[in-house]
Amino acid sequence: MATQFSSTRPLRSIFHPKLNPPKSLLFVSDSCHRSAAKCRPSSVNVCKWSSAANYVRLVKFSGKPVVVKQLVQKRAGVARCATIEEIEAEKSAIEEDVKARMEKTIENVRNNFNSVRTGRANPAMLDKIQIEYYGTPVGLKSIAQISTPDASSLLVQPYDKSSLKAIEKAIVSSDLGLTPNNDGEVIRLFVPQLTSDRRKEMSKVVAKQAEEGKVALRNIRRDALKAYEKLEKEKKLSEDNVKDLSSDLQKLTDEYMKKMDNIYKQKEKELLKV
């Protein structure tokens, strides 16, 4: 903003006590401050002294025009701050990662439960069976069709009959405790009823798998908290933001813990049912 000077104001006291006020002043233009090239001074009227005067100093005064030199200020490097959109994107990415990993954990535990034998035949019992097929380990259900003719038997029909022996060997070496019957065309599996001791043993196995799933959920929560703390250290989130996000994260974790308990109770009920 330009500062207006009265023509009657004594400039003598400002610059020099014995000299008359100058009619004009010379200054280095602002464009010269930004350029490494030399610039020629330009002349301006005192009454139109620009705000650039705030950044100049007097070099010499005489009855002639005053030459002034612009001060060069050293500017420190300025770090770019993240925008609100970028911060929100980072928060959303963390939340989506947490949900995806927790869902995956629930799905893995459910698959593990399905592979635990109960008193009823279930094709999912064979999900973990790996077959050495032409030198490559593959899942049984990828090379054979599995069905349940009745509640106590499984029928395995391979797409390639040459794999029958490999399938039979894999089932025998598994921990299912089933004896395959290979007739050269298909493999039949009889699922016997579990004894009371066997049911209790399987119940312990399921309980251990459920606890491992809960540990995995807690680890996911821990990783998310570290990610929030990192954003706080980077000054992208305030302490209050982190507290609110941590509270929401705990609620989400509790929700998945309940899901884990529900599928465990359901599996335990199947195991103990005679």
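Visitor: Happy to be here! How many helices and strands does the protein chain have?
Guide: Welcome! Keep in mind that this is a predicted model. Of the chain's 274 residues, 31% count as buried. Among contacts between residues at least 6 apart in sequence, 60% join residues at least 24 apart. As for its elements, the protein chain has seven helices and 10 strands.

Visitor: Let's start with helix α5. Do its buried residues line one face of the helix or several, and within what arc do they fall?
Guide: Helix α5 spans residues 164-173, and its buried residues are Leu164, Ile167, Ala170 and Ile171. Looking down the axis of α5, these residues line one face of the helix, because they fall within an arc of 130°.

Visitor: What about β7: which residue in β8 stands opposite Gln145?
Guide: β7 and β8 form a hairpin with two residues between them. They run antiparallel and are joined by five bridges.

Visitor: Nice. In the hairpin of β5 and β6, which residue takes a positive phi?
Guide: The strands β5 and β6 run antiparallel, joined by four bridges, and Tyr133 stands opposite Thr136 in β6. Two residues lie between the strands of this hairpin. The residue with a positive phi, about 55°, is not a glycine; it is Tyr134.

Visitor: Is Tyr134 buried or exposed, and at what relative accessibility?
Guide: Tyr134 is found in the loop between β5 and β6. Exposed means over 50% relative accessible area. Tyr134 therefore counts as exposed, with a relative accessibility of 66%.

Visitor: Lys235 also has a positive phi. What is its relative accessible area?
Guide: Lys235 is a residue other than glycine, with phi near 65°. Lys235 lies in the loop between α6 and α7. Lys235 is exposed, and its relative accessible area is 74%.

Visitor: Now α3 and α7. Are they roughly parallel or antiparallel to each other?
Guide: The axes of α3 and α7 come within 10 Å and cross at roughly 10°. Angles under 35 degrees count as roughly parallel. The two helices are therefore roughly parallel.

Visitor: How do the residues of the contact of α3 with α7 divide?
Guide: From α3 the contact includes Val98, Met102, Ile106 and Phe113, and from α7 it includes Leu249, Leu252, Tyr256 and Ile263. Charged residues take part too, among them Lys91 and Glu95 in α3 and Lys259 in α7. The contact divides into 12 nonpolar, three polar and seven charged residues.

Visitor: One last stop, Thr105. Is it buried or exposed, and what is its relative accessible area?
Guide: Thr105 lies in helix α3. Not counting residues up to four places away in sequence, Thr105 touches Gly213, Ala216, Leu217, Ile220 and Met260. Thr105 is buried, and its relative accessible area is 12%.

Conventions:
Residues numbered from 1 in each chain as written. Predicted model: local features only at pLDDT ≥ 70, side-chain atom pairs only at ≥ 80, totals over all residues. Heavy atoms only, no water. Buried < 20%, exposed > 50% of the residue type's maximum accessible area, 1.4 Å probe, protein only. Arc of directions from axis to C-beta. Pairing = 2+ DSSP bridges. Axes fitted to C-alpha atoms, helices over the stretch in contact; angles between N-to-C directions. Parallel < 35°, antiparallel > 145°, perpendicular 65-115°, else oblique. Contact = heavy atoms within 4.5 Å.
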